[in-house]
Structure formats: C-alpha cells, structure tokens
Amino acid sequence: MASFPPKFKVLVDKEVCTGCLKCTLQCPFDVHIYDKEGFKASGKDKDERKNFIVRNQENCVACQRCVFTCPVKCIQIEVRPPTYNPHPVWTDAVRRDLKTQSDTGGVLLAAMGNEQPYPSYFDRLVIDACQVTNPSIDPLREPMELRTYLGRKPEKLEFEDNGTSLKTQLAKNLKLETPIMIAHMSYGAISLNAHKSLANAAAEQGTFMGTGEGGLHKDLYHLADSIIVQVASGRFAVHEEYLKTGAAVEIKIGQGAKPGIGGHLPGRKITEPISKTRMIPVGSDALSPAPHHDIYSIEDLSRLIYAIKEATRYKKPVFVKIAAVNNSAPIATGIIRAGADAVVLDGFTAGTGAAPQVIRNNLGIPIEAAIASVDQRLRDEGIRHWGSIIASGSMRSSGDVAKAIALGADAVYIGTASLISLGCTVCKQCFTGKCAWGIATQDPNLTKRLDPEVGARRVSNLIGAWSHELQEILGALGLNSLESLRGNRDRLRGVGLSQTELDVLDVLPAGR
Amino acid sequence: MCGLGGFINKDGKKVDGTAITTMGGMMEARYDERGGGFAAYGIYPNHSDQYALHLLFDDERAREATEEYLKDRVNIVKDECIPTASVKEIAPVHVPWRYFIDVPEDFEAVEADFLVDTVMKINGSIPGAFVISSGKNMGVFKATGLPRNVAALFKISDYKAYAWSVHGRFPTNTQGWWGGAHPFNILDWSVVHNGEISSYGTNKRYLEMHGYECKLRTDTEVVAYLFDLLVRKHGLSAEVACSIMSPPFWKNIDRSDKREYYEALRMTYAPAMLNGPFAIIVNNKDSMIAFNDRIKLRPLIAAELGETTFVASEEAAIREIEPELDRVWAPRAGSPVIARLNNAGGK
Ligand code: SF4
Ligand code: SF4
Ligand code: SF4
C-alpha cells in the first residue's frame, strides 16, 4: 500500500470510450489495465469491454501519453486537490517525500531540473528597445547576423605584405549559424532515436549537439561535424576515434543539476547497443565517479586538456563544463588559463535524467549570476578573448537566450527545451526508463514511438524559430549582428532586484 | 540628429576657422544650442613637439589640483588660459585652459600610453577638471551652444589649420554639458559623430579590458578609443580599422575571395564592431576618415576640390564654402572616405 494518496485523477468518459484498449498498451506506468479474463468470463458483448479496464490511478505520472493517443480523446488527467490537512511548512510535497523515503530508506531520485520555487533572474531582467533616435531594424528587410565562433581568439591580428595578407594563425573555432546548441544528453539516458533527431536538427540548423557521456552510436558518425563529444569522469566510450570524430571535445567536470556528483544510469537502461557504445557490460549500473580520478587540481585538468589536444592534433577546440557555483569566476578563469577554448557554465536549474533530489534542489547557483561574474572576471584579467562562455540550464525561450548573451555568454545549450520539442511532457520519470514518449528509455516498444525524422524536423523548427526571434530582438535593439549584443549589459535593465543583485549582474534598474 | 562636417588639405595648406564655422552654420536645422565644437590640426606650430592639453575647469581649485598633478608627472613648458570672447548666448561656466607639455625621458618609449593614462587619471579623479584634447599641434574647442557661438567664444577664426571638423549637437541620449559636446578626443584622435552607438555596452566593456575608462556619459568616446587601440596600439591601417568597426556582412564575406581575411577580422574584433545608426568623421594628424554604419542610417556626403577633401552631413554645407567642386559623392555603407596628407607627418 502506498503511503500517500494518488497525485492525479484519471478520468475516462465512459459514454465516449469505445473500449479499443489502446490506453492499456500506451501507458508504460501500468495505469490502464485490461481485465481480459474477467471480460471473457463475463461472456459480455464487445461493447461492454470498456467496463473491464481497471485504472490504477496512483501509478499515473501525468505523462499525457494516453490522453493524446486515445482515438476518441475521452481521457482527462486532473491534479487531485490537496488531500492532507494543509500546513505551510509541512507541505504536501514535503510529506510525500518523507513518506516515500521512509518506505524505501534510500536517497530520493529525481529527474528534470530543480523544482524549488527560487526566483528567476531572467524573469527580472528586461531588454531595451529603440525608438526614434536609433531606428529599429526590420529583420525581414535587412540582414541580421547570428553567426558565432566559439573558441580562442587572438588579442590582435598581424598582417604581412602591406596589410593585405594575414600573418596571425587563428586557433580552431566552432562556427555556429545560431548561438543555440543542443545540450549534452547521453545515449543511454536518452534513446538512439532521440540522439538521431537531435543530431540531425543540429546539422540542419548549422549548430552542434553534445553527445553527453555515453559516446556516439556508429549510426551517427556521419553527422560528426555537428557533434561535440564529451569526456566525463566515467570515461565511457572514450577512444581515439571518438575524440577525433567530433567537431570539438568537451570535458565534463560537473553539471548544474547535480554539482559534485557523477552521472548515474540505471542498469535497466544498459541494453546491448548501449553496452557496445559505452564499452560496459549489459545491465550494469553506469555510475561515473564524482571527480575525474585523474583530475584533482587545475594542473591535472590542464594535462587532460592538452592530452586531448595532442590526440586530436590541435584540430578540435576543447571545452570544459562546470556547474555554476559560488566560485565559478576564479574556477572558470583557471580553466581558460589551463588551455580550454571555452568554459560551459551549467546553472542550478539545469535538467537531468537522474539525480539525488536533495542535490538537485539545493546545490549550485543561478546561471545568470555565473555568466555575469565569469564574463567580468575574464575581462578583469584581460583574457576574455582566450575562451568562449557557453551557458546552459533551463533556457526556456529566445528571450532567455538573448539575456544570457547580453550578460556575456557567447552561446547557449538547450536540453529540456529540445526534449519538449521531441514530445517530452516533463513528467519527471526519466530515471525509470519508462518514458512514454520514446525519449528517456531504451525499451524498443517505447523508443519506436519517436520517429527520428519527425523529431529532427521538430527540433530544427524550434531552433529556427528561436533564431528568428533573436533576430527580431536584435532588430528592436537597432542591432544587425549578435556580436553587438554580446556582453552588452547596457541594453538590459533589472526589475524588482536589490542593489546588490543589480551589482552582481552589473545592470541598472529600469528607469535609469 | 546632429550636423557634422570637416575637411583636410592634403598638401597641409592651412586656412583659418571662418570656413569651418560657415560649414557648421549651414546645418543649423540639424541641431540645437546644447553642444557645438571644433577640432583643428596644425594650430600650434610653435609647440608642435609638445602635447597640447586642452582642459575645462569648473573652478580655481580644480586648476590647482590639476597643476599639482601634472607637475609631478610631466614637464609643463607653458600654460595659459585659452583666449575667449564674451558671448551672450554661452554662460562661462568653465574656464578653458591649455598646457603644452613634454613627457619625461623615462617614459618616452611609452609616451602615448603614459599620456592616455594621464588623461584618464585627470578625468577620473580630479573633480571639476576635464581634459578635452591631448594631441600634438592640435586642439578641440567645445561648449554648450550653437557651433557659431562656440566659434565666437573661442575666437576660432584666429586659428589656422590644415584639417578642421565641426559638430552641432541635438542631444537625445545624454545631457548637454561642455565636456559632452563633440569632438571627442584622445591623443591626436578626434571624433565627431551623428547617431547612436547601440553597441556601446559591448564596445565599452571591450575597451575597459584594454585599459580605457569610458567616463564621459556619452557613446562617442568609444570611437576615439577604438581608433587609438586598433591603429596606434595594434598597428592596423585606417582601412582595416574601418572594416572592423563597420564590417561587411557575412553573406558578402562568404562569397568574397578574401573570406579568410574578413573572417579573421570579424572573429578577432567582434566586440569592436560599431552597431546602430551613425556617420562619423575621425581625424588624426595625418588623415581624415569618414564612415557610416553598415546599412547607412545617417547621411554623409563627400567632395573633392584640388587637394582638399570635404565631408559633411549635407552637401549644402560643402557647397556653401566651395560652390564649384571637382567631385561630389555619397559614400556607400562600408566604403570609408580616407584622405591622407601627401606628406604624412607634415605640419
Ligand atoms: S497520463 Fe501517462 S501515466 Fe497517466 S495514465 Fe496516461 S499514459 Fe499512464
Ligand atoms: S484509448 Fe480511449 S477509447 Fe480506447 S479504451 Fe482507452 S479510453 Fe477508451
Ligand atoms: S523525457 Fe520522457 S520520462 Fe523524461 S520527463 Fe520527458 S516525457 Fe517524462
């Protein structure tokens, strides 16, 4: 017996239901159960079959799969009104967690981003627009440039032959046609069809997808020019060919959803193909250690960066990803000085397939503050051009992207937004391996629900739409190139922020 | 909206300030009385090897503090009040002063940086003192008033220069104050500007990383500092500096046979790109450079007569001083007008 009341009500309009049984096949969480024996024994007519579907409402996670797939749309999922005697401290959620924990005695696992109601700085920043004296620019009629280069830039250029030919050799950069990349989500955490969808979308939009720490399936090697391969503490799938295949290599030190904690992929998701790609046995839990066991200092990190650069003949930019934490600014400058071509900052609301809930909900700092302090520190040290800043963690719209860039980011990663585009409903069950939408699962019956062609088109649509919106924002600002918004905090204003917060973000309050 | 104009005689032949005043006066519909100014090159032949610092003082205390500060740092060869006439339209809220100075020998190798630093320190830390120009054999004259009244105030017609620029201001984004009028200057770079630098925040923070302090409460100063950084410090040509500040669009670069060259420029100098509507005239001792934003959202006309090159917001302003011209054209966005002295470095 569960220790708490069900969260959702599964309502079926029996008048409309045809008894087709589709819901019983579609729900991976065993909510709609067909009592076949009962029906047979009853000897009733086929019309009556609908009355032999039992609904285990307490299992429902509101993934909405049955709602969308029911041919006559007769299912509705409702949140049950709170059932405990209300208490402002001992909220329903708190009581639920305590009871679940008492049932199992374990660490509570959670999926997707931080659920605590921390205020969002993005929601308290507004973007400037121009009127009269600096005319806005119409992106439909004038060029509006989003092209972005990630990597090390020289401080200055030198020329030969009277200034006509270039003497300075530029380091390898990644060229993006839009500053929006797809975040690292591993093959294993998500399905091959999801990986295919994301990789194709990235290629189509002239941007990049991260592999996550699960390696790259052979079927995706042909898209490698649009792929950033990851090296994480578990070193799953890392071999020379893999490093050489991607357009860039990213070392993951930490991630926003679980700073200080390694990856966790439950054994039930380690199927045959995953085991091949990751180079680990089928069914074994893939637990990456919290730190890299060869990195205990910035010098060690530098060695790994240069080991990878050597292995790839200095043809691939090397990025380093960290969770946004109090000390991000000195850490990030250390990373850039250690030789990284970009530092990836992952904010405390970033998504995950599985993380201890207590870590996810309580550790890390907002991405906005991390971008602002890292960008400023790199400038104070005069090395902003040594490396790029990539921001990630709950970019919900092109507005968030524009604000991240104005605060100082060069580009962003989107994770959850791209999954929602694929069909994810944020049901937060990724760690169960039962994703009803074929994304965070390896069950062939479920993964086939995601058509990679459709998926690629949808994610490409999303990135394309955000890019158009970014162009609209630039036009309204009277800018025709994204580089003029980058670090341009002058075009942001704070609403409802304290002076200290304004100082941290280095923006003025609205009206000034 | 603002009115701007300028000319340079490539042979270094000097004319007095009457013509430039007339030029400015022709564009009075473009500005009001909240800021006018002039830059003049070649005006101090007797002190051509010394830096001429033009300052505005709010009071005697500011002057004394500045003098104390300068005495410790540089050799003051001469200092005096900049002569003014009384003009009823302009209240004498500041005392204009000039110093001719030599940089001590120890700092000769880094003379220019030393001077930039000196200017930044005065402007940043001496209340009521403000350096408005700091080049050799040149000077900026500016105040809150119509250019013709500013000309009368500073007796502009008494100076003879081979290159002049003028600006009348219609301030829309910042308050009118003497220091806020154009031209803006650092060393021998002077900038007059019509429009708005919408990329100001990006440019400012890039310059701050390179040791410049943008304290003037206006966006034009970044242009002067960018020229100083790109041309003087990075050793780039004026042409390259213009293609950094107002670069070609990617769609043209991708098709160009100099793709790699422009890609490197835009990658490296992305934060130095100027965005927003503008027409800008930049002078230094050797040249006059005029250019527009990438889609030409502000007017700019150029003309030539013999060895003189003219630029202005309006053709009428040029025709008023030289009705017959050899050539008149409207420079396209991204095609700067660059006129250099035939004998660069000439007096
Ligand atoms: S919403 Fe999802 S979990 Fe709930 S009944 Fe439908 S399919 Fe099952
Ligand atoms: S899918 Fe809809 S129509 Fe079919 S049995 Fe379920 S509720 Fe009834
Ligand atoms: S990926 Fe799947 S399991 Fe995870 S939240 Fe989205 S829909 Fe739910």
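Start with the whole structure on screen: a search of it finds 10 cavities of 30 Å³ or more. Keep in mind that this is a predicted model.

**Stop 1: the largest cavity**

Go to the largest cavity. About 380 Å³ of space lies inside. To centre the view, select A:D410, A:R486, B:M267, B:A270 and B:P271. Of the 21 lining residues, these are the closest to the centre of the cavity.

Now colour the elements around the cavity. In chain A, pick strand β7 (148-150). In chain B, pick helices α5 (200-209) and α9 (259-268). Each of these elements gives two or more residues to the lining.

What is the lining made of, by residue class? Six of its residues are nonpolar, seven are polar and eight are charged.

**Stop 2: the interface of chain A and chain B**

Show the two chains in separate colours. Select the contact residues: 44 in chain A and 38 in chain B. The area buried between the chains is about 3400 Å². Carbon and sulfur atoms give 55% of that area.

Next, look for charged pairs. The count between chain A and chain B is five salt bridges. Zoom in on one of them, B:R266 with A:E483. The closest N and O atoms of this pair are 2.9 Å apart.

Then colour the chain A side by class: 14 residues are nonpolar, 14 are polar and 16 are charged.

**Stop 3: the largest pocket**

Move on to the largest pocket, with a volume of about 1500 Å³. Select A:F4, A:K7, A:R96, A:D97 and A:Q429. Of the 47 lining residues, these are the closest to the centre of the pocket.

Which of the elements gives the largest share? Highlight α4(A), which contributes eight residues.

Finish by colouring the pocket lining by class. Here 23 residues are nonpolar, 12 are polar and 12 are charged.

How values were computed
Residues are numbered from 1 along each chain as its sequence is written. Chains are lettered from A and ligands numbered from 1 in the order in which they are written. This is a predicted model: local features need pLDDT of at least 70, side-chain atom pairs count only at pLDDT 80 or more; totals for chains, interfaces and linings use all residues. Side-chain values use heavy atoms; hydrogens and water are left out. Contact means heavy atoms within 4.5 Å. Buried area is the accessible area (1.4 Å probe) that two parts lose on being put together, summed over both. A salt bridge is a side-chain nitrogen of Lys or Arg within 4 Å of a carboxyl oxygen of Asp or Glu. Ala, Val, Leu, Ile, Met, Phe, Trp, Tyr, Cys and Pro count as nonpolar, Asp, Glu, Lys and Arg as charged, and the others, Gly among them, as polar. On a 1 Å grid over the protein atoms alone, a cavity is a set of points where a 1.4 Å probe fits but cannot get out, and a pocket is an open set with protein on both sides within 12 Å along at least five of seven lines; lining residues have an atom within 4 Å of a point. Grid points are joined across faces, edges and corners, and a volume is the space filled by probe spheres set on the points. Helices (H or I, at least four residues) and strands (E, at least two) are DSSP runs, numbered from the N terminus.
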